[in-house]
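Have a look at the chain below, then read on.

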Amino acid sequence: RIASHSSHRKMIAATLLAAAVLSIHPIGLRICKNSVCRKAGSADTLDSLFALAAASDQANSNQNGGVALATLQEAFAASRVQACGCLGGCGSGPNVVTTDGGPSDVFHDVYKPSSCAALLDHVGVTVPEAAQRAWLRRMYAMRALRSNKGGEALALLTEALQEASSLKGRAAHLLTLLLEQRADVHEMLRDAPSARDDRERAARLRAMPAPVA
């Protein structure tokens, strides 16, 4: 029960923080989650934009000592990246639009990390190249998993972690995601000790406090 209360307090704090960031920063991109775009992979596009935004220069510009760095990064990403309903052009998805754009300003077929980074840059969010390379490796790893190539996926996620590690705390959220995904692969390959190590590392990263500005 104590752990449950603690998790609830953290969830409330994260929600309030996202609301505070949202009041400062405009939402930059909306990603269609309607049925046709969803089948085309818009959920992956949303994940990509969110993860890359969380590793951006701007996500790390508002330090707040005492708050977990990953939480600050997630709050910034949530203020700039959101799902939405149909944007039209359903046969050309996944579709993304800027919040100041109209029906003619929809970007189609958005799924590559480089395309996602370019769109984020378009709305003033700068993604380090190391984060883009890491997420591209992660994308290849997910494809390998869909083909039941666990060993290949594990190697690709390890490469992704090596790329993202060069960013250190600036990629706390991204590193946490990659560690948790690699832990899943370790478990699939029946390597429980390695999975446990990755989950422990992810938990430590998620709790890492932001430096005092």
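This is a predicted model: local features need pLDDT of at least 70, side-chain atom pairs count only at pLDDT 80 or more; totals for chains, interfaces and linings use all residues.

N148 sits in the loop between α6 and α7, where helices are DSSP runs (H or I) of at least four residues, strands are E runs of at least two, and both are numbered from the N terminus. N148 isn't a glycine, yet its phi is positive, at about 60°. K168, found in the loop between α7 and α8, also has a positive phi without being a glycine, at about 55°. Most residues other than glycine have a negative phi, and most peptide bonds are trans.

Residues are numbered from 1 along each chain as its sequence is written, and side-chain values use heavy atoms, leaving out hydrogens and water.

Zooming out, the chain has nine helices and four strands. Starting at the N terminus, the order is α-β-α-α-α-β-β-β-α-α-α-α-α. Of the 213 residues in the chain, 42% are buried. Buried means under 20% relative accessible area, exposed means over 50%, and partly exposed is in between (1.4 Å probe, protein chains only). Here is how a few residues come out:

| Residue | Relative accessible area | Class |
|---|---|---|
| C37 | 2% | buried |
| T98 | 4% | buried |
| C90 | 33% | partly exposed |
| K168 | 62% | exposed |
| N148 | 71% | exposed |

T98 belongs to strand β3 (residues 96–98). Setting aside neighbours within four places in sequence, T98 is in contact (heavy atoms within 4.5 Å) with G28, L29, R30, F107, H122 and V123. Across the chain, of the contacts between residues at least 6 apart in sequence, 67% join residues at least 24 apart.

What about the inside? A nonpolar core is a set of buried Ala, Val, Leu, Ile, Met, Phe, Trp, Tyr and Cys residues joined through side-chain atoms within 4.5 Å. The largest one has 44 residues, and L49, L120, L174 and L178 touch the most other members. Several elements each supply at least two residues of this core, including β1 (29–32), α5 (113–122) and α9 (192–207). A separate core of six residues includes C37, L87, V97 and V106. Beyond its neighbours within four places in sequence, L178 is in contact with A134, R138, L157, A160, L161 and A164.

How do α3 and α8 cross? The axes of α3 (residues 42–54) and α8 (residues 172–188) come within 7 Å and cross at roughly 135°. That makes the pair oblique, the class left over once angles under 35 degrees count as roughly parallel, over 145 as roughly antiparallel and 65 to 115 as roughly perpendicular. These axes are lines fitted to C-alpha atoms over the stretch in contact, with angles from 0 to 180 degrees between N-to-C directions. F50, A51 and A54 in α3 meet H173, L174 and L177 in α8.

Finally, the structure holds zero disulfides, a disulfide being a pair of cysteine sulfur atoms within 2.5 Å. The sulfur of C37 has its closest cysteine sulfur in C32, 3.7 Å away, so the two are too far apart for a bond. C90 is in no disulfide either, with the nearest cysteine sulfur, that of C86, 3.6 Å away.
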